[in-house]
Amino acid sequence: AQAVFLNQFATVADKEIRELVFRLRHADGTYRWFLTQGTVFRRNAHNIPTQIICITQDITQLKEAEFALRDTLGQL
């Protein structure tokens, strides 16, 4: 998923933000959810992105609340 995310920047417009939600396994065996948002930071003379800048946030609590809400609504 991360490789596909990075490849998207070959065609992304300036100032366009791309997002990726994914989960990783923590050393203690639990899974954590993350949201990465990125944009092109620098391009070469041929307008090809050479650097991107990303911000990644731990959204585990948000995803757990989302799953709990779905479970609750599914029981109604």
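These questions and answers concern the predicted model of one protein chain. Local features need pLDDT of at least 70 and side-chain atom pairs count only at pLDDT 80 or more, while totals for chains, interfaces and linings use all residues. Residues are numbered from 1 along each chain as its sequence is written, and side-chain values use heavy atoms, with hydrogens and water left out.

Visitor: In what order do the elements of the protein chain run from the N terminus on?
Guide: Helices (H or I, at least four residues) and strands (E, at least two) are DSSP runs, numbered from the N terminus. The chain holds two helices and three strands. Their order is α-β-β-β-α.

Visitor: Is the protein chain compact or spread out, judged by its radius of gyration?
Guide: The radius is taken over C-alpha atoms, and the globule rule is 2.2 Å times the number of residues to the power 0.38. For 76 residues the rule gives 11 Å, whereas the chain has 17 Å, well over that value, so the chain is more spread out than a compact globule.

Visitor: Is Arg42 buried or exposed, or in between?
Guide: Arg42 is found in strand S2, residues 31-43. Buried means under 20% relative accessible area, exposed over 50%, partly exposed in between (1.4 Å probe, protein chains only). Arg42 has 44% relative accessibility, so Arg42 counts as partly exposed.

Visitor: Which residues is Arg42 in contact with, leaving aside its neighbours within four places in sequence?
Guide: Contact means heavy atoms within 4.5 Å. With those neighbours left aside, the partners of Arg42 are Ile48, Pro49, Thr50 and Gln51.
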